[in-house]
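Colleague: I have a structure open and would like to learn how to read its features. Could you take me through a few of them?

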Amino acid sequence: MIRTPRPWPSLAIAAVFLATACTAAADTGSVEPRPGTVGPAGPTPTPPPAPSADAAVRTVSAAQWQKMKDAGMVRKGCPVTSPNQLRRVEVNHHSFDGKIHRGVLVVNADTAASVVRVFTELFDAGFPVRRMKPLEEYGGDNTASLAADNTAAFNCRRANQINAPAKESPHANGRAIDINPLENPWQDLRCKCWKPSAEHSARTEGQGKVLKGGLVWRTFLDEGWVWQNIDVPDYMHFDTGYPSKPYTGPSPATP
């Protein structure tokens, strides 16, 4: 006799179907993968860290010191006679091309920490600096550095380019910084002209400009620096005092 399989009761079939569906749902349930892990659709990228100034203070190497000597920036009559008097500050900066570049400022050792604070704050605020290279990259030629719109600090300038006796000069002591010279020119009374150009001599709002009461002005003055510390307009220039004097720290907070 041929046995015919008995049909399952409808209630049993429903129970089996429900159990199968629950198991499938448990096996394929959606879990949000952690950043950087592999999920069903592939790896989830970890967001890149936010850009920073990433400033570093280093000693001046023997090779860089030799380049300074070869450029005539260290010579008889100049106040800096040893690399131990200087520091190399490396710091990221926003530029006019919309990118972030690594810059270098050579400054007096007593100003290095302040320079780091200043340019970190300017970076965080997005202030653009066209370029930032040591003066030996321009052969010690201040005129060439200004024409390149180069932000720079230490330089015992050539005799025909000095604005003050070397011993007293803030730049020759590494305690002065010129920022974006093209956007912030100075007036040379010897030729009654603006250097490196009169193009941006008007103190109106503009990219990379230093304006009284503005971001750069406030940041430097809060650190105890002095703006355009000569008798003629010199919008690019900050120093710690004239004749050059050691850096004494941030200005006292005002109420």
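Modeller: Gladly; we will look at a helix, then at aromatic rings, and finish with a glutamate. Keep in mind that this is a predicted model.

Colleague: Let's start with the helix. Which residues of H5 are buried?

Modeller: The general idea first: an α-helix has 3.6 residues a turn, so residues three or four places apart point the same way. In H5, which spans residues 215-222, the buried residues are Val216, Thr219 and Phe220. Viewed down the axis of H5, the buried residues fall within an arc of 90 degrees, so they line one face of the helix.

Colleague: Now the rings. How many aromatic pairs does a search of the whole structure find?

Modeller: The search finds seven. One of them is Trp194 with Tyr235, a stacked pair with 5.8 Å centre to centre and 15 degrees between the planes. Trp194 belongs to strand S10 (residues 193-195) and Tyr235 to the loop between strand S11 (226-227) and S12, so the pair ties together parts 41 residues apart in sequence.

Colleague: Are Trp194 and Tyr235 buried or partly exposed?

Modeller: Here the cut-off matters: buried means under 20% relative accessible area. Trp194 has 21% relative accessibility and therefore counts as partly exposed, while Tyr235, at 13%, counts as buried.

Colleague: What about Trp225 and Tyr247?

Modeller: Their ring centres are 6.2 Å apart and their planes stand at 40 degrees, so this pair is tilted. Trp225 is in the loop between H5 and S11, and Tyr247 is in the segment after S12, 22 residues apart. Both Trp225 and Tyr247 are buried.

Colleague: Which residues form the aromatic cluster?

Modeller: The cluster consists of Phe119, Trp194, Phe220, Trp225, Trp227, Tyr235, Phe238 and Tyr247. Rings can also carry a charge above them: the charged end of Arg203 sits over the ring of Tyr235, 4.2 Å from its centre. Likewise, the charged end of Arg130 sits over the ring of Phe96, 4.1 Å from the ring centre.

Colleague: Last, the glutamate. Where is Glu90, and what does its side chain make a polar contact with?

Modeller: Glu90 is in strand S4 (residues 86-94) and is buried, with a relative accessible area of 13%. Its side chain makes a polar contact with the side chain of Arg88, at 2.8 Å. Beyond its neighbours within four places in sequence, Glu90 is in contact with residues including Asp54, Arg58 and Arg102.

Note on methods
Residues numbered from 1 in each chain as written. Predicted model: local features only at pLDDT ≥ 70, side-chain atom pairs only at ≥ 80, totals over all residues. Heavy atoms only, no water. Buried < 20%, exposed > 50% of the residue type's maximum accessible area, 1.4 Å probe, protein only. Helix = DSSP H or I, 4+ residues; strand = E, 2+ residues; numbered from the N terminus. Arc of directions from axis to C-beta. Phe/Tyr/Trp six-rings, centres within 6.5 Å; stacked < 30°, edge-to-face > 60°. Lys NZ or Arg CZ within 6 Å of the ring centre and 35° of its normal. Polar contact = N/O pair within 3.5 Å; in protein donor to acceptor, adjacent residues only side chain to side chain. Contact = heavy atoms within 4.5 Å.
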